[in-house]
Amino acid sequence: MAEHSKYGKTFSSSLFSTDRWWTVEVDNIKAMLATNFEDWGLGDQISDLETLEVHVARLLKAIPRDGSTVDLQDLFFRLTMDSATDLLFGESVGALGAGGISERNVRFAAAFTAAQAKAIDASRQIWPTSWCFDRAFYKNVELINEFVDYFVRKAIRHRAADDEKAGNDEPQRFIFAYELAKRTTDVIHIRSELLNILLAGRDTTAGLLSHTLFTLARRPDVWSKLRAEISILGNEKPSYQQLRDFKYLHMVLNESLRLYPVVAVNGREALRDTVLPLGGGEDGKSPLFIAKGETVIYTIMGVHRSKEIYGDDAEEFKPERWETLVPHWEYLPFNGGPRICIGQQYALTEASYTIVRLLQSFESIEARDETPWTEQLTLTLAIDQGTKVAMQPV
Ligand code: HEM
């Protein structure tokens, strides 16, 4: 602030030959954020399409082209494991079977999945959580920690070397571990942050993709409409701007998250005696007292499928409803308020990019499973029978 009173409302500074501008002009800020939005980026681009393409290309390669059945849900869980570890550690674990994948990486991916399943199972039992943890669980935790710590230490070493060289050797892309190492050298802190994001971002995005493709395999009309929308690309890979402009694709993703909100059930514990506006009295229309320590679970899936809110066709998959729909607290796939999902844009970009590349590579998709959708609800929502399909290449 002091610099602005000295140099004016907008001024430039120079650091290692990179010019940097500083401004407090509201019109400038508005131009960068809104009116001239397309001219501006974030500098560090958290979601990097070139890196994503490497993983999506492996996904496309893993899909059979001879009409045989494939479980896309399994492939999507591998895809998001690969893309998330690449973003977080600077190196992918290669769950989609990239050449040269090490035994260590395979063990990490398996241990992460197994430990997560055990923790979720334990949280559902009536006895204390720790009673449910067996030797195998603790062994998996140890393996996970060792694996992640290798990358944490690498990032801290890189940081130290970087400081000596006055910051001239920055990695070319955004890597979470390196960014965290700029702020702390506490290994456990960095490890916990990385695992937190891996947990929050991996299954959720895989769930969104699995449900969307499960639906598309049963809705050739929506598949064709999407292919028509993205045909403008030809064989070119989509840019950020193009992804943002695919309106029908957004409507499809919105509708998928409405019918299949990946975080379907959530809850909060009262930190003090409090009152909810509704739920009390004979008719449930009076305020409801909640005592400190009590838990309230809220079922987003129930809200999203409510006929009262969305009409009689609430249970139907209708992307077109988003042409006019502007819900607020009635639509919360990413939660709301100060703890809203911080990975929303990343997830939607990854899902959109993957779907566009699938649409470009395959002419049609066909369900290879007649059983009705059955939920598999762990921490997030997946499909019990998977997303079994056959795809016809272009
Ligand atoms: C379709 C994909 C996703 C969905 C539906 C989703 C949904 C949510 C929801 C409902 C919450 C709130 C949880 C709560 O407070 O009870 C949340 C929080 C969070 N999400 Fe996501 N998420 C997705 C993808 C991602 C991705 C890709 C990342 C990271 C790259 C991410 C990072 C986080 C983090 C760090 C939080 C915790 C924020 C906080 O507590 O302040 N999410 N997400």
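Helices, of at least four residues, and strands, of at least two, are taken as DSSP runs and numbered from the N terminus. On this basis the secondary structure of the protein, a predicted model, comprises 14 helices and 11 strands.

The C-alpha trace extends over about 65 × 60 × 55 Å along the principal axes. For 394 residues a compact globule would have a radius of gyration near 21 Å, and the 24 Å of the protein agrees with this. Buried residues make up 29% of the 394. Among contacts with a separation of 6 or more, 65% are between residues 24 or more positions apart.

Helix H4 (residues 72-89) packs against helix H8 (residues 187-216) at an angle of about 145°, and their axes are 8 Å apart. The crossing of H4 past H8 is right-handed. On the H4 side the contact includes Phe-76, Phe-77, Met-81 and Leu-88, and on the H8 side Leu-194, Ile-197, Arg-202 and Leu-213 are among the residues met. Classified by residue type, the contact of H4 with H8 consists of 12 nonpolar, 5 polar and 1 charged residues.

Three strands form an open sheet in the order E3-E11-E8, with antiparallel pairing. Strands E3 (70-71) and E8 (362-367) lie at the edges with a single partner strand each, so one side of each has no neighbour in the sheet. The antiparallel pairing of E8 with strand E11 (residues 388-393) runs over 5 bridges. Ser-364 has Gln-392 in E11 as its bridge partner.

How values were computed
Residues numbered from 1 in each chain as written. Predicted model: local features only at pLDDT ≥ 70, side-chain atom pairs only at ≥ 80, totals over all residues. Axes fitted to C-alpha atoms, helices over the stretch in contact; angles between N-to-C directions. Left-handed = near helix turned anticlockwise from the far one by under 90°. Contact = placed C-beta atoms within 7 Å. Nonpolar A, V, L, I, M, F, W, Y, C, P; charged D, E, K, R; others polar. Rg over C-alpha atoms; globule rule 2.2 N^0.38 Å. Buried ≥ 20, exposed ≤ 12 C-beta atoms within 10 Å, placed from the backbone. Pairing = 2+ DSSP bridges.
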